[in-house]
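Please report on selected features of the structure shown below. Keep it brief, with headings.

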Amino acid sequence: MRSWKAAILIMIAMPAWAETPDIAGIVDDHILPGYQALAARTAGLADAAQADCTPGNAHLNTAYHAAFDAWIMVSHLRFGPSEQDDRAFALAFWPDTRGATPKTLAALLRDQDPVVRSPEAFQTVSVAARGFYALELLLYDPQFQQNEAVGYRCTLITTLTQGIAASAAAILDDWEGGYADLMRGAGSNDTYRSPDEAVRQMFTALSSGLEFTAETRLGRPMGTFDKPRPNRAEARRSGRALHHVTLSLTATRDLAAALSGGDTDLDAAFGRAINRATALDDPVLATVATPEGRFRVEVLQQSITDIRQQVAEDLGPRLGIATGFNSLDGD
Amino acid sequence: MADRRSFLAGLLATGLCPTRGWADLGNPAYLAAARLPSGKYALFGLSNDGAPLFQIPLPNRGHASAAHPYHAVAVAFARRPGTFALVINCTSGTVIARLTAPGGHHFSGHGTFSADGGLLFTAENDFENARGMVGVWRTGDYARLTAFSSGGIGPHDLKLMPDGRRMVVANGGIETHPDTGRTKLNLPTMRPNLTYLSLDGVVADQIEPPVEWHKNSIRHLAVHGDGRVAIACQWQGDLSDVPPLLATHDGGAALAFRASGHGYERRMQGYAGSIAVSRNSRIAVTGPRGGLALIFDRSGQFQDTITEQDICGVAPAADDLAFTTGLGRVLFPIATTWVTREHDLQWDNHLIAIAG
């Protein structure tokens, strides 16, 4: 076996020390409240559907929007309990590039599949037909309003909302029942062997959350200049596409502030992006179909790219997260 | 089908090219792309001991390259999702041909020549249809001849098998679309596979990882002289699951996953950047995110690690293995040690051995 011999000519400059953010504070003030809100509001959504499953009823609509808001506020926290048993995917199967959600829902309705009669059995249905995006189709897409099988659809909506509530409750249970302590106690357990590993996980959540908002939430409807795709806007049937951009920027701004120790430049960059989103006044990003509209959305996307750049080039190194030529390339 | 087959077979016989061989360039052992201090990019030919023998400018960041088996010709692929690849005469430094991916296709960044150098195969993403493809090019004039299915979604690496009659493709399983950059569009449903194809696109064999590891994207490949295949994976699930990042396939029904048994995969953060097999069948998997490479013996038993920041490129050396890093280092074996040569460059993901 070849032994390692370091023929080092030049020492590589390393940061003398890296900042360590308040991990417990982020868990207690950012992550747990987010999942608590999600659990509470999805339970409210299941109750509302149980009380009246008729699409279009105001109580159900309000509960739907409140619960979906809560999900978007934690949708960047894709690690640990949310990834167990594909819970996050079961809450949010989007983008749906193959149209699996409408296809699977249509098949359930057509076959009157009895699998919807119990929440347990419903867990075996494809993640594409569970969660918020499937519920949105059932509540807002005209294709699913014409169905004759009103009773079956009602059961489907009720069971689906129970499934959403169950996934949210399971994520919260895992966080409160141990995972939060693993992060707080990073360095003394095998999941997070050092505080740096916990910080890196949070940093990854921040940067991939921003990437998803810029490239997918905005990028998918933008398509190309020659071929914009307004019909690909996220949750457009219930008018939520731009709202999701604002919500996710608000949530990641909070995380960025905690990770950066209140970096005012970074916070200002978030402020600019959120102002641009608000100024768009285009709830479903329909204007991407026109050159002027597309340009305005592009400016918004660019303002998120600016944040991402600050995060990668300033915040990352400050936290001691290597920004290597290959380690960041991801290919 | 028979017509196309005989057509391709006929082409294999016409490896006519006026280019000179690698010997005229001082027998470079490797090709590697790099970023220069100026921010520009170039393709380098490197000697056995990591010294530059030639340097050719590239218009953009490269990924992998392919070396013609006889002529001093290299194909430099753009970084994914790229639409071009440059065929470079390494003797003169001139671009012989610029390969452009057909409309609706992107290059993945990897490709390989046929054994006689008559054909070039490129891994491609037919992104509107989320279908992996292999493009076939004639090396005489670098005309595109045809394309066929890669047998899965998101093919990344592809290698020629030692018999010269089949290729093996790493269908990573991940759907991407240029509208959304490198965003992964289908993680909950992704199904990577390893596919063996004849040179005219007939699937000979196809193997998937077990269901619980369907998020372990099959990404980069290295082939032993006896046809066994070593596979480097990239985990797309939660990082608290720590699956092995090396799999091997010996022609049987299943992939064998090989863990280091020392938890090194944790440090690699679910991400293997490149893989190579040495002539004595040692397997190296690099982990730039963890700053380490893992070395396994021919049976997949873990042997050793190398710790080196941003280590990624790896290729078989005359004796054992050689590595490159994003900090400009080339590590090459001499006697019983690794020796480091430093360059004021950032070596890109892959180090490609030149045959012969």
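## A buried threonine in chain B

B:T324 has 0% relative accessibility, so this residue counts as buried (under 20% relative accessible area; exposed is over 50%, partly exposed in between; 1.4 Å probe, protein chains only). B:T324 sits in strand β25 of chain B, residues 321–325. Strands are DSSP runs of E with at least two residues, helices are runs of H or I with at least four, and both are numbered from the N terminus.

Leaving out residues up to four places away in sequence, B:T324 touches B:D310, B:I311, B:C312, B:G313, B:R329, B:V330, B:W347, B:D348 and B:L351. Contact here means heavy atoms within 4.5 Å. B:G172 is 152 residues from B:T324 along the chain, and their C-alpha atoms are 24 Å apart.

## Basis of the model

This is a predicted model: local features need pLDDT of at least 70, side-chain atom pairs count only at pLDDT 80 or more, and totals for chains, interfaces and linings use all residues. Residues are numbered from 1 along each chain as its sequence is written, chains are lettered from A and ligands numbered from 1 in the order written, and side-chain values use heavy atoms, without hydrogens and water.

## Helices α2 and α6 of chain A

Helix α2(A) (residues 58–74) packs against helix α6(A) (residues 131–140) at about 155°, with axes 11 Å apart. Axes are lines fitted to C-alpha atoms, for helices over the stretch in contact, and angles run from 0 to 180 degrees between N-to-C directions. The two helices are therefore roughly antiparallel (over 145 degrees; under 35 is roughly parallel, 65 to 115 roughly perpendicular, the rest oblique).

Residues of α2(A) in the contact include A:Y64, A:F68 and A:W71, while those of α6(A) include A:F132, A:L135 and A:L139. By class, the contact has 11 nonpolar, 2 polar and 1 charged residues. Nonpolar covers Ala, Val, Leu, Ile, Met, Phe, Trp, Tyr, Cys and Pro; charged covers Asp, Glu, Lys and Arg; the others, Gly among them, are polar.

## Helices α8 and α11 of chain A

The axes of α8(A) (residues 195–222) and α11(A) (residues 291–318) come within 10 Å and cross at roughly 165°. That makes α8(A) roughly antiparallel to α11(A). The contact includes A:F203, A:L206 and A:L210 of α8(A), and A:I304, A:I307 and A:V311 of α11(A). By class, 13 residues are nonpolar, 5 polar and 5 charged.
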